[in-house]
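Hi,

Here is the structure I promised to pass on. My notes follow below it, and I hope they are handy for your own look.

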Amino acid sequence: MNQEIDTETNTTTDDETSTQSGAATGSSDGVAPLTPLSLDVLLERIAHEWQTRKRIFDLPTARFWKRDTGPDAVDLSFEFLGRPAASPVGPAAGPHSQMAQNIVLAWLGGSRLFELKTVQILDDLDIARPCIDMQTIGYNIEWSQELTVAQSLEEYVKAWMIIHILQRWEPLAEFLGDDPGPFVFDMSVGYDLAGIQSDKVAGFIDAMANARDEIERLRPLIPDAFAAARDLEFPPAISDTITLSTFHGCPPDEIEAITKHLITRHDIDVIVKLNPTLLGLDGVDAIVHGALGYDDVRLVPTAFEEDLRFDRAITLIDELHAFATEHDHRFGIKLTNTLVVDNHKGWMPDQTMYLSGPPLHVLATAVLDRLADALPGRLMIPGHDGDIMVSFSAGVNKDNLADTIAMGVRPASVCSDLLKPGGYGRLVPMLNALMNAVTESGSRDLDGFRAARLTSSQGAGHRDTAAAHLAAITGEGLAAYHVDGNTKLPRSVDHDLEMWGCVACNFCVTVCPNDAFFKVPTPAALADELTSAGRQQYLVLSELCNECGNCLTFCPENGDPALVKPRLYLDATRFAAAEGPRFLLDLTDPDNIRAAGGADAEVERLHSVLTADEGLPLAPRR
């Protein structure tokens with residue numbers, strides 16, 4: 001079977017039916033779903049993959065963002081709570097900011113603000129699977145880190161070190177420019193005061209503010225391929241800002257107490273994440289069901305009863321801003337959290353799920369519009385010139401990024417869009433679209449762009465750019481957010497997925513936030529043996545796969561790539577505990593491949609793939 005899909009248009013001639021079937025719930029190996037790769041393995045992979053295929057973590061150089069620093073360059077930099085960042089986009093706290101390779105991929109794509117995945121005291125969660133549903137608009141049931149707090153710290157430090165190394169790595173200068181620009185790591189912690197005050201979470205925050213010990217612990221792992229970086233002076237202050245994430249229904253007094261604790265105990269600037277329920281049940285219903293037509297979305301009335309109310313939010317924002325100012329700190333708000341809804345689809349196992357994507361963009365914009373009206377002169381947005389910074393994460397994509405940035409938000413972080421085909425490679429087109437919009441406005445930087453947009457918005461009779469954007473997306477631009485524009489299902493073909501060969505769409509590689517999949521051109525021996533082998537083979541590093549379900553959603557064939565494609569392990573314990581066909585690799589001996597679960601007959605084929613010219617992206621160990 002060797003039918004190919006146009007990876008640019010994602011089209012086939014077969015019928016369009018949902019590929020969301022046969023999903024498993026729970027990890028297939030019954031143990032921790034993620035086993036991070038060590039710093040030396042990650043760096044050796046970078047060097048090996050660059051040498052063998054001129055990619056990094058399977059991202060092609062065409063999707064690396066090259067910052068323009070020439071005399072006529074458009075400057076996309078901004079300040080995040082006073083810290084400079086070279087671009088106003090980055091991954092939201094979620095699946096794209098949990099593991100080191102995720103963060104590095106986002107940086108290569110142009111992210112310069114990273115909202116790290118939320119860390120909390122409960123770090124042994126059993127999250128049901130699948131946990132991500134991007135079939136149409138976007139839902140999820142995962143909400144916190146899937147690693148221990150100690151592992152999370154190590155992942156963030158590894159990402160920090162790798163980025164600093166790659167900034168100076170000569171082979172990348174041609175593709176990243178002489179100066180890739182400054183970047184910022186923003187912590188996210190939750191979910192209650194007791195947990196944040198615990199030694200575990202407090203120790204994490206302190207270690208992120210001064211990671212010298214962790215950096216020195218990891219430094220000996222820098223491999224020979226990057227020997228010049230062994231003496232690099234890595235800045236020890238990895239993060240000194242926090243975006244506070246609280247449970248839906250967190251009492252306002254708790255939010256206030258946590259924020260004040262973070263400012264006083266940790267001497268840190270704080271952003272408080274707000275919920276779309278601030279619009280009230282009637283307000284959300286009018287947008288989701290009325291204006292946007294998502295009649296199948298079931299709102300949860302108790303979520304509105306338990307959440308922070310709008311009037312109290314106004315006083316809370318003012319109180320926390322005053323408190324931060326008194327303590328010589330900055331304060332901001334983030335719009336918005338996801339929307340709690342009832343699980344009407346039943347594909348993911350939990351009763352409650354969280355809505356994102358296009359409808360959330362409209363809800364978050366409506367929240368900003370209402371806050372701007374209620375807090376005149378206090379928000380750091382055009383026409384108000386206050387000092388309460390507003391960050392934004394809700395359905396941001398290439399088509400609305402410029403309008404979102406024009407509202408004055410800083411940054412506009414992304415999640416749902418990066419879970420679609422193209423993945424991290426979608427960031428460069430976003431930044432190019434923003435750069436074009438800035439240029440078309442006659443500006444050379446984001447401040448000038450926002451000022452130009454404010455002038456045109458007020459000239460059209462709007463209060464400011466937030467009001468103008470809300471009017472646009474609920475008026476002439478409604479189609480992109482309405483249910484009618486978001487019902488098309490992922491393409492499918494009537495064929496069962498097999499271990500070897502497929503339509504070679506590359507979707508499993510790009511939609512995986514953890515970079516668990518990789519592709520290898522089919523070696524001649526396998527192509528001669530199997531007429532169905534196709535032009536590419538896709539394999540999964542199972543220890544990086546948390547069975548989120550996203551590759552299952554987008555795979556055009558019938559089957560789950562995470563379970564059907566060759567599942568590779570490096571850890572013998574994980575391998576032994578797993579079920580189904582699988583393989584254990586030995587990086588010190590490429591010929592030593594163990595099989596289990598009935599996969600013995602496939603070892604020779606796997607060996608031919610992994611030892612091909614592009615082969616296994618992980619470098620052999622000596």
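**Charges over rings**

R370 lies over the face of F310, at 3.8 Å from the ring centre. A charge counts as over a ring if NZ of Lys or CZ of Arg is within 6 Å of the ring centre and within 35 degrees of the ring normal. R582 sits likewise over the face of F575, at 5.2 Å from the ring centre.

Before going on: this is a predicted model, where local features need pLDDT of at least 70 and side-chain atom pairs count only at pLDDT 80 or more, while totals for chains, interfaces and linings use all residues. Residues are numbered from 1 along each chain as its sequence is written, and side-chain values use heavy atoms, leaving out hydrogens and water.

**Aromatic pairs**

Rings of Phe, Tyr and Trp (its six-membered ring) pair if their centres lie within 6.5 Å; planes under 30 degrees apart are stacked, over 60 edge-to-face, and the rest tilted. That rule gives 11 aromatic pairs. For W169 and F226, the ring centres are 4.9 Å apart and the planes at 50°, so this pair is tilted. W169 is in the loop between α3 (149-167) and α4 (173-176), and F226 in the loop between α7 (212-218) and β10 (241-244), so the pair ties together parts 57 residues apart in sequence. Helices (H or I, at least four residues) and strands (E, at least two) are DSSP runs, numbered from the N terminus.

W169 is buried at 16% relative accessible area, and F226 is buried at 3%; buried means under 20%, exposed over 50%, partly exposed in between (1.4 Å probe, protein chains only).

Best wishes
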